Amino acid sequence: MNRYIALLRGINVGGHKKIKMADLRALMESRGFSEVVTYIQSGNMAFSSQQIVSSELISQLILDGFGWEVPVLLTTPQEIREILDACPFPKEKKEQSYFMLLFEPPSEENMAITKTYEFPNEEYFISPRCAYHYCSDGYRNSKMGAIFEKKLKVPTTSRNYRTMVKLLDIASLA
C-alpha cells in the first residue's frame, strides 16, 4: 500500500473553486482510494492506494467530480519529512516559516536570478523542491513571498510550518 499527500493549489480561496473537504474525501473513496484524511479547507489530503498514483490523475478526478481545474502537487510523507528536515533556519525561525513547494525543479539560471533579491526582515533559501521563507514581519507583509513563483518560473503551493507538520500527522493515520 502506498501512502500519498496531495496538496491542492488555489481551492477555497476568496470564494473561488469551492470544494468541501467532506466531498473531496467522498470522491476519493468512491474511486477506490482508502484512508483518506483531509486537513483544513485549503486542500491538504493524505490517502492510500494499491496503485501508483499521479498528480494528473488526482487533478482529473477533481475536474470530473467538481468541474474545477486544480493543480495538484502529489508527494509522500517521506518527502515532506525530508523537506522539513532540510529547512536551513534555526527552530524558532523554522516554526514561523513558509514552505513554497515547487511543482518542478527550477532552472539553475532562475534560481540564481531569484537569489539576487533581498528585502528587509526576510530570509529565504531555495532548493530544487522547496523555497523556504522566513519573514519576521509576517507572511502577509512579505515582499519575497509574492515573487518566488514569478522569478523561479515554476508553479508553487505554500504551506506554513504547522501545516507541514500536520501533513505528516494525517499521513501517519494509515
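Predicted model: local features only at pLDDT ≥ 70, side-chain atom pairs only at ≥ 80, totals over all residues.
Two strands are said to pair if DSSP finds at least two bridges between them.

I begin with strand E1, residues 2–8. E1 is joined to strand E4, residues 72–75, by 4 bridges, and the two run antiparallel. Within this pairing, leucine 8 has valine 72 of E4 as its bridge partner. E1 also pairs with strand E3, residues 44–49, again in the antiparallel sense, over 6 bridges.

Is strand E1 largely enclosed or left open? Buried means under 20% relative accessible area. Of the 7 residues of E1, 6 are buried, so the strand is largely enclosed by the rest of the structure.

I now move to another part of the model. Four strands form an open sheet in the order E6-E7-E5-E8, with antiparallel pairing. Strands E6 (122–126) and E8 (156–160) stand at its edges; each has a single partner strand, and therefore one side of each lacks a neighbour in the sheet. On average, neighbouring strands of this sheet are turned by 20 degrees against each other, direction ignored.

Within the sheet, strand E5, residues 98–102, runs antiparallel to E8, and 5 bridges join them. Phenylalanine 99 stands opposite arginine 159 in E8.

Finally, the helices. Helix H3, residues 77–85, packs on the sheet and touches E5 and strand E7 (130–135). The direction of H3 makes about 130 degrees with that of E5. Helix H7, residues 161–171, lies across E5 and E8, and runs at about 90 degrees to E8. Thank you for your attention.

Terms used:
Residues numbered from 1 in each chain as written. Heavy atoms only, no water. Buried < 20%, exposed > 50% of the residue type's maximum accessible area, 1.4 Å probe, protein only. Axes fitted to C-alpha atoms, helices over the stretch in contact; angles between N-to-C directions. Contact = heavy atoms within 4.5 Å.
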